[in-house]
Structure formats: structure tokens, C-alpha cells
Amino acid sequence: MDVAHLLFGIFGNASALFLFLAPVITFKRIIQNRSTEKFSGIPYVMTLLNCLLSAWYGLPFVSPHNILVSTVNGTGSLIEIVYVLIFIVLAPKKQKAKILGLFTFVLSVFSAVVFVSLFALHGNSRKLFCGFAAAIFSIIMYGSPLSIMRLVIKTKSVEFMPFFLSLFVFLCGTSWFIFGLLGRDPFVAVPNGVGSALGAMQLILYVVYRDNKGDTGKKAPTVEEFMEMGDAKPQQGKQSNANGTQG
């Protein structure tokens with residue numbers, strides 16, 4: 001791994017860590033109120049699956065020279081597990097069962113990928129199998145802001161799209177995209193190239209509509225509310241999300 005490759009990997013770790021920690025204020029509120037309110041736990045469960053698969057893919061015996069992919073996604077996995085467990089403990093009974101079911105599904109899928117890759121596949125076939133699995137869920141995670149972008153275009157206002165979160169989505173996607181190019185790894189480059197493009201589109205929308213204040217009677221969501229994927233309609237008292245990042 002040359003110096004440039006290493007530097008982009010380190011920068012990708014830093015920017016991805018910001019995205020993983022963005023919901024902390026949300027969970028501080030949830031713990032204080034002893035309720036998950038209208039927040040959705042689904043994004044955190046799905047982000048956990050992405051982190052687990054990407055962390056596994058980056059391990060040396062699966063994909064050489066991608067240990068930095070494992071470090072950031074391993075850290076992300078621990079953070080997302082904490083988020084999911086908080087939801088399981090504090091969510092209403094119906095939502096708790098749903099999140100617990102999804103959490104079980106995520107662990108089952110990850111366990112299946114690990115089992116197959118360890119005992120049925122070897123060499124390049126192992127890398128291809130794990131790479132496709134990780135890339136698919138990375139693209140899904142990066143695609144989560146599409147509902148917010150649609151809202152921005154519809155309302156011609158960026159009040160529901162925090163600038164710094166859009167910036168870090170772009171920086172994270174770009175750094176890992178370049179990391180993947182330098183390492184000649186399409187399973188890192190392609191999904192993060194998608195993330196970089198979507199981040200750039202968010203920034204372009206921000207430049208186009210930044211002077212439009214929209215409906216002043218609506219309260220703009222905070223960064224952590226934007227991280228909710230469930231429903232991009234904060235004017236109706238619901239939370240919105242984008243995630244993930246990826247590393």
C-alpha cells in the first residue's frame with residue numbers, strides 16, 4: 001500500500017466516523033425520554049449489515065490491502081449495534097418486535113456469508129462473493145438520501161438537507177472511491193463512486209436552492225433527524241434520514 005493509498009484510507013475512516021456518530025444526539029434524546037418516539041430503527045439495522053459485510057470483506061484473508069476498510073466498518077458495526085440495542089430496549093412493543101426480527105435477520109445473513117466464504121469458497125471466488133454482498137448494501141445505504149433530494153427539488157428549499165452532512169457524504173464517498181481506484185478494487189470503488197456522485201448532487205442542490213428559505217412555519221430538522229431514512233416529511237411531525245456512509 002503506497003502513501004497516497006494509505007492517506008485516502010485514513011481520510012475515509014475519519015469522514016465515515018463522522019457519519020456513524022451523527023445520530024448520537026438522537027439517541028441522547030431517546031435515552032433521556034425513555035422512548036424512541038417517531039424515530040425509525042430500520043436504518044441502523046441495515047447500516048449494521050452493511051458495516052458487518054464491509055468489515056468482513058476488508059479482512060486480509062478475504063481481500064488483501066483493504067484493512068482500513070475493516071477498521072472503519074468494524075468500528076461502525078460496534079456503534080450501530082449500540083444504536084440497535086437501544087431501540088430494542090426502549091421502542092414500543094410492536095416496533096421492538098420488528099427491530100428484533102430485523103436484527104436477527106441481519107445476524108443470520110452475515111453468519112451465512114461468513115460460513116459460505118470460509119468453508120465453501122477460496123481465493124478469488126471468496127473475494128468476489130463477499131465483495132458483491134458488501135457492495136450491494138453499500139449502494140443501498142448511499143441511496144438513502146434520495147427522498148430528501150426529492151423533497152428539496154419539490155420545495156425548492158434546502159431547509160431539510162443539512163449542508164455538513166451532505167458535505168461529509170461527498171467527502172466519505174470520494175475518499176473511498178479514490179482508495180478503491182488506487183487499490184484497483186471495484187467492490188470499494190463502485191459503491192463509493194455512487195456515494196460520491198450522490199453527495200455531489202446534494203451539494204449542487206444546496207448551491208441552487210440555498211437562498212430559498214421555504215416555508216418559515218416549518219422547523220428544519222437537525223443533522224440527526226436527517227439521518228432517519230424512514231419518512232422525509234418533517235413538516236408532518238415525522239423524522240427524515242439519509243445515512244451511512246460507508247467506509
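Which residues in helix 2 meet which residues in helix 4? Keep that in mind as you open this predicted model, and let's walk through it one selection at a time.

**Start with the whole chain.** Of the 247 residues, 51% count as buried. Contacts also reach along the sequence: among those between residues at least 6 apart, 77% join residues at least 24 apart.

**Select helix 2 (24-33) and helix 4 (67-90).** Here is the reply to the opening question: Val 24, Phe 27, Ile 30 and Ile 31 in helix 2 meet Tyr 83, Ile 86, Phe 87 and Leu 90 in helix 4. The two helices pack at an angle of about 25 degrees, and their axes are 11 Å apart. Angles under 35 degrees count as roughly parallel, so helix 2 and helix 4 are roughly parallel to each other. Their crossing is left-handed.

**Now show Phe 87 with its surroundings.** Leaving aside residues up to four places away in sequence, Phe 87 touches Phe 27, Ile 30, Thr 36, Phe 39, Ser 40, Gly 41, Tyr 44, Gln 95 and Ile 99.

In soluble globular proteins, nonpolar side chains tend to be buried together. In this model, the largest nonpolar core has 46 residues, and Phe 87 and Trp 176 touch the most other members. At least two core residues come from each of helix 1 (3-21), helix 2, helix 3 (42-57), helix 4, helix 5 (93-119), helix 6 (123-142), helix 8 (163-182) and helix 9 (186-209). Helix 4 gives the most, with ten residues. Apart from this core lies another, of seven residues; select Ile 148, Val 158, Met 161 and Tyr 209 to see some of its members.

**Finish with an aromatic pair.** The model has twelve aromatic pairs. One of them joins Trp 56 and Phe 61: select both and view the rings edge-to-face, 5.3 Å centre to centre with 80 degrees between the planes. Are these two partners buried or partly exposed? Buried means under 20% relative accessible area, so Trp 56, at 12% relative accessibility, counts as buried. Phe 61, at 44% relative accessibility, counts as partly exposed.

Technical notes. Residues are numbered from 1 along each chain as its sequence is written. This is a predicted model: local features need pLDDT of at least 70, side-chain atom pairs count only at pLDDT 80 or more; totals for chains, interfaces and linings use all residues. Side-chain values use heavy atoms; hydrogens and water are left out. A nonpolar core is a set of buried Ala, Val, Leu, Ile, Met, Phe, Trp, Tyr and Cys residues joined through side-chain atoms within 4.5 Å. Buried means under 20% relative accessible area, exposed over 50%, partly exposed in between (1.4 Å probe, protein chains only). Helices (H or I, at least four residues) and strands (E, at least two) are DSSP runs, numbered from the N terminus. Contact means heavy atoms within 4.5 Å. Rings of Phe, Tyr and Trp (its six-membered ring) pair if their centres lie within 6.5 Å; planes under 30 degrees apart count as stacked, over 60 as edge-to-face and the rest as tilted. Axes are lines fitted to C-alpha atoms, for helices over the stretch in contact, and angles run from 0 to 180 degrees between N-to-C directions. Angles under 35 degrees count as roughly parallel, over 145 as roughly antiparallel, 65 to 115 as roughly perpendicular and the rest as oblique. A crossing is left-handed if the near helix is turned anticlockwise from the far one by less than a right angle, and right-handed if clockwise.
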